[in-house]
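The sequence and structure come first.

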There are 2 protein chains.
Amino acid sequence: MSHFLMPTIDIYNLENYTFGTKDAQHEKDKSVPERLARMKDKYFKEGMRRSVDCILLVHQHGHPHILLLQIGNNQKGFFKLPGGRCRPGESEADCIKRKLTKRLAPPNAKEYQPDWEVGECVSVWYRPNFETLFYPYTPPHITKPKECKKLYVIPLPEKCMFAVPRNFHFLAVPLFELYDNSKRYGPIISSIPQVLSHFNFNQL
Amino acid sequence: MSHFLMPTIDIYNLENYTFGTKDAQHEKDKSVPERLARMKDKYFKEGMRRSVDCILLVHQHGHPHILLLQIGNNQKGFFKLPGGRCRPGESEADCIKRKLTKRLAPPNAKEYQPDWEVGECVSVWYRPNFETLFYPYTPPHITKPKECKKLYVIPLPEKCMFAVPRNFHFLAVPLFELYDNSKRYGPIISSIPQVLSHFNFNQL
């Protein structure tokens, strides 16, 4: 198969990584309406919200997997990518490093902290209104989207140590499980297989 | 909105382009089973089928549209991107130019023939078996996919003339119509909005 025109990403076996736990990190808001109200308030102060989501890849059984956070300790918790809101003036790369360190780095072991690398932006989603819906384009007649969310590939080092807040699960989910499964993972995460499909994964 | 990190594609108004017709170009096969049988036969002679599909973009009413072929002259005809099978040893770029010229260029007006440019490969799909299903990855336990289909962006010139075979419609379909509409457009075409979302469209 000719991959010579496809950009290559090195990915490593899940077993290369060590997973520990750290103190719980709770959400700022207790409900979706509360979250949307805070977002609206911030929008009128700071303008369009910019956010970043991080795609961390590993392989297992010869197939690429994405590392996902699952909120809560049961099968019903919803899935999210590590990432979050950029501060006003903060670059996307700086925000990615800050968010990944806060969420996933071991807190008391500076020498084991991953040196996060920022790869390609592979998809961009817009929130047209103060609602939960996102679209992979600016819908017609929307001149001022309320949020722009960018998904970046974060190439992982060969080995590193993660520490996951106790109120989250951190799971390696195969691409074939995400594909066409917007019911379980939502439209953004379930289309990761498509937006990564032009990469050649070098499974090391 | 900061687009400085997003690659930009210039797209032009649909009205910039002229659409004419030319002789019908019929499919080689009369049915899906016949097509799959011919594919299987070729596979054992030539190995994995390589194919290319072309994403031609325009804008209308301030929103990006994709140019799609619709087979047959009624509302039920299925949609396809211009493109097709690469010959053994043929490069993808050469195949794209050959297929676009055959399908869409005016036959008797060499000076009006578009000089096709080949842009980025934005998604790659695999057909694991001699069946109609494609996936945006090689499914586990499939060591020899039967086809690899690559979708390329073809940046259009500012103006050009198309000639469409009489048995096809050629339609500009907005991204918002394709999105989440796999029922009508199939999984490959309906995920074009996602795989294009990291581009900034410069609507000229």
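## Interface between the chains

Chain B gives 33 residues to the contact and chain A gives 33 residues, contact being defined as heavy atoms within 4.5 Å. About 2700 Å² is buried between chain B and chain A, and carbon and sulfur atoms give 68% of that area. Buried area here is the accessible area (1.4 Å probe) that two parts lose on being put together, summed over both.

## Basis of the values

The model is predicted: local features need pLDDT of at least 70 and side-chain atom pairs count only at pLDDT 80 or more, while totals for chains, interfaces and linings use all residues. Residues are numbered from 1 along each chain as its sequence is written, chains are lettered from A and ligands numbered from 1 in the order in which they are written, and side-chain values use heavy atoms, with hydrogens and water left out.

## Cysteines of chain A

A:Cys54 is in no disulfide, and its nearest cysteine sulfur, that of A:Cys95, lies 7.9 Å away. A:Cys95 is in no disulfide either; the nearest cysteine sulfur to A:Cys95 is that of A:Cys86, at 3.7 Å. A:Cys54 has a relative accessible area of 0% and is therefore buried, where buried means under 20% relative accessible area, exposed over 50% and partly exposed in between (1.4 Å probe, protein chains only). A:Cys95, at 0%, also counts as buried.

A:Cys86 sits in the loop between β6 (83-85) and α2 of chain A; helices (H or I, at least four residues) and strands (E, at least two) are DSSP runs, numbered from the N terminus. With 4% relative accessibility, A:Cys86 is buried. Not counting residues up to four places away in sequence, A:Cys86 touches A:Arg50, A:Ser51, A:Val52, A:Glu92, A:Cys95 and A:Arg98. A:Lys149 is 63 residues from A:Cys86 in sequence, yet their C-alpha atoms are 9.8 Å apart.

## Helix α2 of chain A

Helix α2 of chain A (residues 92-104) has 13 residues and should span 18 Å at 1.5 Å a residue, which agrees with the 18 Å between its end C-alpha atoms. The expected span is 1.5 Å times one less than the number of residues.

The buried residues of α2(A) are A:Glu92, A:Cys95, A:Ile96, A:Lys99, A:Leu100, A:Arg103 and A:Leu104. They cover an arc of only 125° around the axis, so they lie on the same side of α2(A). The arc is that of the directions from the helix axis to the C-beta atoms.

## Salt bridges

There are 22 salt bridges over all chains. One of them pairs A:Lys80 with A:Glu27, with the closest N and O atoms 3.6 Å apart. This pair links distant parts of the chain, 53 residues apart: A:Lys80 is in strand β5 (residues 79-80) of chain A, and A:Glu27 is in the loop between β2 (17-22) and α1 (32-46) of chain A. A:Glu27 is partly exposed, at 40% relative accessible area.

In chain B, B:Arg127 forms a salt bridge with B:Glu147, the closest N and O atoms being 2.9 Å apart. B:Arg127 lies in strand β7 (residues 121-127) and B:Glu147 in strand β8 (residues 147-154) of chain B, so the pair ties together parts 20 residues apart in sequence. Both B:Arg127 and B:Glu147 are buried. In chain A, a network of salt bridges links A:Arg49, A:Asp53, A:Arg127, A:Glu147 and A:Lys149.

Methods
A disulfide is a pair of cysteine sulfur atoms within 2.5 Å. A salt bridge is a side-chain nitrogen of Lys or Arg within 4 Å of a carboxyl oxygen of Asp or Glu.
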